[in-house]
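Okay, let's get going. I'll walk through one structure today, with a strand pair and a helix as the stops.

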Amino acid sequence: MDETAAPARTGVTRRALLGTAGAGLVAGAGAGVAGAVALDRGPGAGTAPAAGGALGAARVPFHGEHQAGILEPQQARVQLAAFDLADGAGRDGLRGLLRRWSRTAARLTAGEPAEEFENQVALDAGPCSLTLTFGFGATLFDRTALADRRPPGLEPLPSFPGDALDPARGDGDLFVQIGADDALVAVHALRVLQRQAAGTAALRWQCAGFARTPGATPHPMTSRNLMGQIDGSNNPRPADDGFAATVFAGADQPAWLAGGSYLVFRRIRMLLDHWEALPPDRQERVIGRRKSDGAPLGAPAGAGEHAPVDLSAQGPDGGLVIPADAHIRVAAPAANGGAAMLRRGFSYHDGLLADGSPDAGLLFLAFQADPRKGFTPVQRKLSRGDGLSRFLRHEASGVYAVPPGVPEGGYVGQQLLEG
Ligand SMILES: C=CC1=C(C)c2cc3[nH]c(cc4nc(cc5[nH]c(cc1n2)c(C)c5CCC(=O)O)C(CCC(=O)O)=C4C)c(C)c3C=C
Ligand SMILES: [Fe+2]
C-alpha cells in the first residue's frame, strides 16, 4: 500500500490526514492510524510508549470505528493465522476468547505487556505500529449456532481455473492479521493469542510475510513485490469518491457488520524461475507498468507510480500500449463493472520446494465491502485472461467477515454476539 496515501508512521494523525485528504470520510474512517505518537483517539491514546526508538514508539490504537490494520500502510512484518474453535466451546467460549483477545490487543498495541501468558519476547521494543485485525470465517457461524447471522458475503468463493488450493492452509473459524514493524513484536502477539486460546480454539494455519521497512527508501513509496514490481499504486484512496463504499460493509449487510469489512486472503506462489527468465521489457508488458518507477506503460519518463493509466493509448503501429492481457487492464475496475478492493498484501519466502524452486510469492489480502462484488468477479476475469496468471499458483484461500472496530471497554464481535 502506498505510504503517501496514508502516512501512518510519519507523525501525521488520521484526523489531520482526513482534514485535508478525505473530509467526507471522517466519520467513516477516523480510526486506526499511527503517529510517531498517536494523538487522536481519545483519552489515553497519546500516551508515550515506554520502550523503543522512533520506529518502536509508533503506535496504532486498537480502539476505533474500524479495526486497525485496514487503512494503515503495510508494516514491515506480518503474521497471518487462523484458529478453529474447539468442539463444545460454543458461543460462550467464543465470547470469552474475544474478550481476552481484545484486552490483549489493546495492551500490546499500546506497548504494554499482556496480562496473561506474557513471555517477555517483545520486552525491549515499543509497539512498532502493531495492529491486530480479527475476522470470522463462515464455519464459525455454524459452530456457534449463529448460522442465521452469517453475512451473505461469506458464501464460499467459486473455484477458479488453475486453483491448487490446500484447505489446511486456508479458511478457519477465526482469523487474525498481525502487522508490526518488528518481527519479534508480531510473533510475540501471535504467541500470546495462541496461548490465551488454549482449550477454546486451536491454531489451524499460520504464515509470515514482509513488506518494505519504513525508512528504507529515500522517500515514501509503495512497496515492491518479489517479482520486482511496485505493487499497490492504483489502490483506492481515502480521498476517492466511494472509497468507504468500496472497503466497508454497506446497508445491504447485517447491522452487526456496519463499519466492518470483508477480507479475501490468497496465498499466491510466484513461479520466479520462469518469471526471471523473461526479459524486463516483456515483464513490463505482462503487468502494463514500468518496473523502474511503476508508471503505466506509455506515461512520460519520470511520471511515477501515480501517473494516470490510459488504457486506450495506442502505439505508432496502432496496437495497444498496455496489452490486452496486461494485468492492470484485466484487473481494472473499468473492465469489471466497477469491482474494486483495497489490496494490502505482503511477500513471503519460505525456503525451497522439492524441485529447488523458491516457495515464495504474495500473501494477497484485500479488504472490500462484499467479495461477491469485489474479489470474485475480478479473479474470475484474471484466471482466464491475465498474462500474469501463467507465473502464479493460488495455493490457499480464505474469506473472513471483519467486524467493526472496538470501542473502549468493548470486544471485537460484540455486536454479533450481543446485538
Ligand atoms: C483478484 C484480484 C487480484 C489478484 C489476485 C492480484 C494478484 C497479483 N497482483 C500482482 C501485481 C500487481 N497488481 C497490480 C494491480 C492490480 N491488481 C489487482 C487485483 C489483483 N491482483 C487490481 C484491482 C489492480 C489495480 C488495477 C488498476 O486499476 O490499475 C499491479 C500494478 C500496480 C498497482 O496498482 O498495484 C501489480 C504490480 C501480483 C504479483 C499478484 C499475484 C501474486
Ligand atoms: Fe494485482
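A definition to begin: two strands count as paired if DSSP finds at least two bridges between them. Keep in mind that this is a predicted model.

Now the pair itself. Strand 5, residues 261-270, runs antiparallel to strand 9, with 10 bridges between them. Within that pairing, Ile268 sits opposite His394 of strand 9.

Stay with strand 9. How many of its residues are buried? Of the 11 residues in 392-402, 9 are buried, so strand 9 is largely enclosed by the rest of the structure.

Zoom out for a moment. The protein has 12 helices and 9 strands. Of its 419 residues, 52% are buried. Take the contacts with a separation of 6 or more: 76% of them join residues 24 or more positions apart.

Next stop, helix 6. It covers residues 183-197, which is 15 residues. From first C-alpha to last, helix 6 reaches 21 Å, close to the 21 Å expected at 1.5 Å a residue.

Which residues of helix 6 are buried? They are Val185, Ala186, His188, Ala189, Val192, Leu193, Gln196 and Ala197. Look down the helix axis: these buried residues fall within an arc of 165°, so they line one face of helix 6.

What covers them? The cover includes strand 1 (77-85), helix 4 (90-109) and strand 2 (131-136). Strand 3 (174-180) and strand 4 (201-210) are part of the cover too.

One last detail. Just after helix 6 comes Gly199, with a positive phi of about 90°.

Notes. Residues are numbered from 1 along each chain as its sequence is written. Chains are lettered from A and ligands numbered from 1 in the order in which they are written. This is a predicted model: local features need pLDDT of at least 70, side-chain atom pairs count only at pLDDT 80 or more; totals for chains, interfaces and linings use all residues. A residue is buried if 20 or more other C-beta atoms lie within 10 Å of its own, exposed if 12 or fewer, and partly exposed in between; C-beta atoms are placed from the backbone. Helices (H or I, at least four residues) and strands (E, at least two) are DSSP runs, numbered from the N terminus. Two residues are in contact if their C-beta atoms, placed from the backbone, lie within 7 Å. The expected span of a helix is 1.5 Å times one less than its number of residues. The arc is that of the directions from the helix axis to the C-beta atoms.
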